[in-house]
Amino acid sequence: MAPRSLTARRATWSAPGRVNLIGEHTDYNDGLALPFAIPMCTTVHGVARDDAIVRVSSTGRDPIEFGTSTTPGEVFGWGAYVAGVVWAMSTAGHRVPGADLQITSEVPVGAGLSSSAALECAVTLALADLAALDLAAGEIVTIARRAENDFVGAPTGALDQTASMYGRAGHVVCFDARAMSCEAVPCDPEAEGLMLLVIDTGVGHRHAGGEYAQRRAGCADAAAQLGVRSLRALDVESLDRHLARLDVRHRPLVRHVVTENERVRRTVEHLRARRLREVGPLLTESHVSLRDDFAVSIPELDTAVDTALHAGALGARLTGGGFGGSVIALVPRERMDDVVQGVRVEYADRGFATPSFMPVAPSAGAGATSDPTRR
Ligand code: GLA
């Protein structure tokens, strides 16, 4: 990604959140996923400083300040995502300038829409621009992910940062975590009279928490038991044979990952043939697998999925890591009101938190934001 100016003293960059259409808990198993960038972005306006201090301000939060030689364990909370980028850039051998960073974000926090990846990518882009570094998108993904994994301490894969960097309007990103490659696949719900609806359960999710790490470790154990480098080495045809060799505890995890990769492949086929409608049942199958086999759902997510389907959605599933966050539903335009109303009423009846609804279209990935004051 080329910086806009080699002498930038100011830089304004935006990076979007993401929804994962399908392909959940596959990225850290060298698998396949189909995320897309959403229209909501995080924007970082950076001004270079002449010292080695990074000062960060964001509406509604206390400003924070740290040195450009910050190391893990020195900054906590939301500032750790920013400090993590500074640290990851430095450890990759880049000189990071002191800077004042002003952050604004439209990506809801805790909704499973990757507000953290949006922040990391936007900060990396702004700092790279200020330092006149010409970083490739793949390198930015690596820096942003290192910030999250090794500074913040959340053991995630590269799905979220990849979607934020490689998103393209009217397309989903077919992400192959083994090859670390991306391909844009057309996805135009409107052309088929459909909508993609995010239903935010209002229950915050946590990745640094133990459950995500446990699932990840379980998958790694299963791969080791089977003598393969990762679960990507397994296919659906030979799944039963592999499952029989595993202890009972690991079987559901492996079944989910292997069948989920297959669902991604089938989704790509439908999308290429402009048959988005046919993707609906695959979304629902994915949810059932995440609920029953991978065990990362919660009643609020299940209720949103079941109610959306009952009210006319063609398919629905939890999106992101699970344990809270959001559902993505594929809904015929004329059934949108029924779905929204249905979920609202069901949540109220069950005494759940108030859900929010966001229709989303696959949107552009990270990029420079025009700023007339830039030199
Ligand atoms: C979170 C992580 C991703 C991915 C998903 C589950 O969003 O950040 O890397 O593992 O969960 O698919």
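Predicted model: local features only at pLDDT ≥ 70, side-chain atom pairs only at ≥ 80, totals over all residues.
Which residues are the closest to the ligand, and how many residues surround the ligand?

The ligand is surrounded by 13 residues. Glu-24, His-25, Asp-27, Asp-160 and Tyr-212 are the closest of them.

His-25 takes part through its backbone, where an N or O atom lies 2.6 Å from an oxygen atom of the ligand. Asp-160 takes part through its side chain, in which an N or O atom is 2.6 Å from a ligand oxygen. For Arg-18, a polar atom of the side chain lies 2.9 Å from an oxygen atom of the ligand. How much of the ligand's accessible area does the protein cover? On its own the ligand has 310 Å² of accessible area, and the protein covers 100% of that.

I come next to the cavities, considering the protein atoms alone. There are two cavities of 30 Å³ or more. By class, the lining of the largest cavity holds nine polar, four charged and four nonpolar residues.

Finally, I draw your attention to the second largest pocket, which holds about 160 Å³ of space. Among the residues that line this pocket are Arg-215, Arg-249, Asp-292 and Asp-293, together with Gly-218, Pro-252 and Phe-294. Helix H5 (210-226) and helix H7 (251-272) each provide at least two lining residues. Which element gives the most to this lining? The answer is H5, with three residues. The lining of the second largest pocket divides into four charged, four nonpolar and three polar residues.

To close, I return to the ligand: Glu-24, His-25, Asp-27, Asp-160 and Tyr-212 are the closest of the residues around it, and the protein covers 100% of its accessible area.

Note on methods:
Residues numbered from 1 in each chain as written. Heavy atoms only, no water. 1 Å grid on protein atoms, 1.4 Å probe; cavity = no way out; pocket = protein on both sides within 12 Å on 5 of 7 lines; lining within 4 Å. Points joined across faces, edges and corners; volume = space filled by probe spheres on them. Nonpolar A, V, L, I, M, F, W, Y, C, P; charged D, E, K, R; others polar. Near = heavy atom within 4 Å. Polar contact = N/O pair within 3.5 Å; in protein donor to acceptor, adjacent residues only side chain to side chain. Areas by Shrake-Rupley, 256 points an atom, 1.4 Å probe, with all protein chains shown as cover. Helix = DSSP H or I, 4+ residues; strand = E, 2+ residues; numbered from the N terminus.
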